[in-house]
Amino acid sequence: QVQLVESGGGLVQAGGSLRLSCVASGSIQSFNAMGWYRQAPGKQRELVAVFTTGGRTTLIGSVKGRFTISRDFDKNTMYLQMNSLKPDDTAVYYCNAGVGSSYPADYWGQGTQVTVSS
């Protein structure tokens, strides 16, 4: 059973930065899909940033230029560097991964809360 554990969330002022981590219980090299979603209160869960074929990345427009997704195969960890945070970024952020190549993938982490104050 694959386990994904997120960390790094917290409370930050607008304009601040956070780095989220997602540690997998096994090798992430087996994952063809790996990325981050978020869910704000009263809203549907949305894709934020994902890896696509060939290791390329896709980010939603509202975070482009501010967020960066990366991963470390040696540490079986994926990251989401979030800069210039805005109150609209407030949400629970989820790690998502799977062997298949489509999103959302099969496995989810428990989520980590990010709160951005104005």
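Two strands pair if DSSP finds at least two bridges between them; strands (E, at least two residues) are DSSP runs numbered from the N terminus. This is a predicted model, in which local features need pLDDT of at least 70, side-chain atom pairs count only at pLDDT 80 or more, and totals for chains, interfaces and linings use all residues. Residues are numbered from 1 along each chain as its sequence is written, and side-chain values use heavy atoms, with hydrogens and water left out.

**View A. Strands S4 and S5 are antiparallel and joined by five bridges.** Gly-35 stands opposite Val-50 in S5. The two strands form a hairpin with six residues between them, and Gly-42 in the turn has a positive phi of about 75 degrees.

**View B. S5 also runs antiparallel to strand S6 (residues 57–59), through three bridges.** Phe-51 has Thr-57 in S6 as its bridge partner. Five residues separate S5 and S6 in this hairpin, where Gly-54 in the turn has a positive phi of about 80 degrees.

**View C. Cys-22 and Cys-95 form a disulfide (cysteine sulfur atoms within 2.5 Å).** Their sulfur atoms are 2.0 Å apart, and the structure holds one disulfide. The S-S torsion is about -65 degrees, so the disulfide is left-handed. Because Cys-22 lies in strand S3 and Cys-95 in strand S9, the pair ties together parts 73 residues apart in sequence.

**View D. Phe-67 and its contacts (heavy atoms within 4.5 Å).** Leaving aside neighbours within four places in sequence, Phe-67 is in contact with residues including Arg-38, Val-48, Leu-59, Leu-80, Met-82 and Tyr-93.

Conventions:
Helices (H or I, at least four residues) and strands (E, at least two) are DSSP runs, numbered from the N terminus.
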